[in-house]
Amino acid sequence: MTKKVRVRFAPSPTGGLHLGGVRTVLYNYLFAKHHGGEFIVRIEDTDQTRFVEGAEEYIFNTLEWCGLVPDESPKHGGQFAPYRQSERKESYRKYAEELVAKGLAYYAFDTAEELDAKRKETANFQYSHATRNAMNNSLVLEADETKKLLDANTPYVIRVKLEPHQEIKFTDLIRGEVHFDTTQVDDKVLLKADGMPTYHLAVVVDDYAMQISHAFRGEEWLPSAPVHIFLWDKLFGLENMPQWAHLPLILKPDGNGKLSKRDGDRLGFPVFAMDWKDPRTNEQTTGFKERGFLPEAFINMLAMLGWNSGSEQEIFTLDELIEKFSLERVHKGGAKFDFEKAKWFNHEWIKKLDVGSLKFEVEKLFATNNIIVHNTEKLDKVIAITKDRCTFINDFVQQASYFFKTPETVDIAAIQPKWDEKKHTFFSELVTVWESDFSADAMALEQQFKALAETQQIKAGELMLPLRVMLVGGKFGPGVFDIAVLIGKEETVNRIKNVLALLS
RNA sequence: GGAGCGUUGGUCAAGGGGUUAAGACACCUCCCUUUCACGGAGGAAUCACGGGUUCGAUUCCCGUACGCUCUACCA
């Protein structure tokens, strides 16, 4: 019988959630939902020195924006609560002690200074089978000496004791069988001097306690996997261990290496999912959301960075991703992040979504940009004819604001060089014509326009750009006559008059 | 230094013993559009290198190179 699928995303609340983190959540979520399982969020806050105010809340806000709702978490509750490791502190110690009792771990009294000195003295120093006998721990101390130190509340940590020349192997769902020789693995700290577990102990204990069936994490964890396997073996039995999958890394676009927030700042694109303000430095970092990304596009783009369905389809809804996702099709190698492609996904999604789905976001955007919309039916039409030319939600400001207010600046330079008296006369006449007879039909307006051009013996083509600039303010936007219809007679006429005045 | 992992066009990538080595992004050319986009057509790779195995290797095996990750009482 196979276990019920239960996966977990286990972030540390230390700052904004970056691309790689969100993708890890996504793959967890997709896998869980594909298999009808549960998606758990566990907060790994065992390092009190790195705790950052607001970071946990930020994580949940990000998940909500992305539409990746946990089944269990400190926020959503669940039968395995608490879901914050700091609140589970008491549960870890006994396992560490159990290992000590079995001779598989030991107390170490070395101070930070002593360890530093050791590292300086010997290059590539590792606390391991090769060196532990020269250190200050319960392996070299007499039993009563150890007891004395313990009784005197001497600070200590508990370290795993790995015997050399043992092979540890496991099957990674993405990479296949992975082997390690314990000779190369160091005696990792399991329990810190403050009584908190390190990641190594905490993942194992909590994954067991929370009945996690599959554990996915970034590739950077692969080298410490043998410690986790060892712990599982000795504490809970390999048969209960979750299946592992180590995800490929997301790399910086230029050069090599893991993508970092710094790269985004340097290259001009977001790395965090949403805006993040570091409470310690007050440094503000822009996120994909605020940059104008749709969550659908963000998720879609992330899913394709390291995975593909095997077909030519690239645009997927969350439901489609859930249906198609499989670990077998996740790449082994890291992927360089390409912001151009990310933009393409967003553009595709804006085109794909109907007006109703876009409207709320556009309204919010307009509100913050002081664009007043009186007529929501008009807004619908405006969104419909402009959305194809918006890559970001924020582009609607530039692409659509002139429908609701007179352009503040007009690109006079675009028409001035070829401007002459004849054109001036034409537009003056046009104003007169439209003032008396302005149709709500773009075709009709165009016909009037062309007829007038003909009687004045000017090529209509030479007049199109000036008209556009008069109405729009610049050289962009949908068909001019469609625009004229939407802004209406009064605005159309006034804008022409205004620019005419500017030109003379 | 050590260990682990990885390597198909600039980027994401399909494919996987015999193929004209898909597709997308970006880029360039052209068409459409009297704006800007959308859309359409076209353009680039002998699959890191060297050895095997094989009638045949980009695909399998072994090396090498290169890259990345880890090597904290951080995760």
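## Close-up views of a predicted model

**View 1. The protein around RNA strand B.** In total, 58 residues surround RNA strand B. T46, N308, E314, R389 and G477 are the closest. Sugar or phosphate accounts for 71% of the RNA strand B atoms within 4 Å of the protein. Bases supply the rest.

View 2. R175 places a polar side-chain atom 2.7 Å from a sugar or linking oxygen of RNA strand B. In K192, a side-chain N or O atom sits 2.9 Å from a phosphate oxygen of RNA strand B.

**View 3. Elements that line RNA strand B.** Two or more residues each come from β4 (157-160), β6 (176-181), β13 (335-336), α12 (339-352) and α18 (460-472). The most come from α12, which gives five residues to the surface near RNA strand B.

**View 4. Strand β8 and its parallel partner.** Strand β8 spans residues 214-218, and five of its five residues are buried, so the rest of the structure largely encloses it. β8 pairs with strand β9 (residues 243-247) in the parallel sense, over five bridges. One bridge joins G218 to L247 in β9. Between β8 and β9 the chain passes through helix α7 (residues 225-235). This β-α-β crossover is right-handed.

How values were computed: Residues numbered from 1 in each chain as written. Chains lettered and ligands numbered in written order. Predicted model: local features only at pLDDT ≥ 70, side-chain atom pairs only at ≥ 80, totals over all residues. Heavy atoms only, no water. Near = heavy atom within 4 Å. Polar contact = N/O pair within 3.5 Å; in protein donor to acceptor, adjacent residues only side chain to side chain. Helix = DSSP H or I, 4+ residues; strand = E, 2+ residues; numbered from the N terminus. Buried < 20%, exposed > 50% of the residue type's maximum accessible area, 1.4 Å probe, protein only. Pairing = 2+ DSSP bridges. Right-handed = clockwise from strand over helix to strand, strands pointing away.
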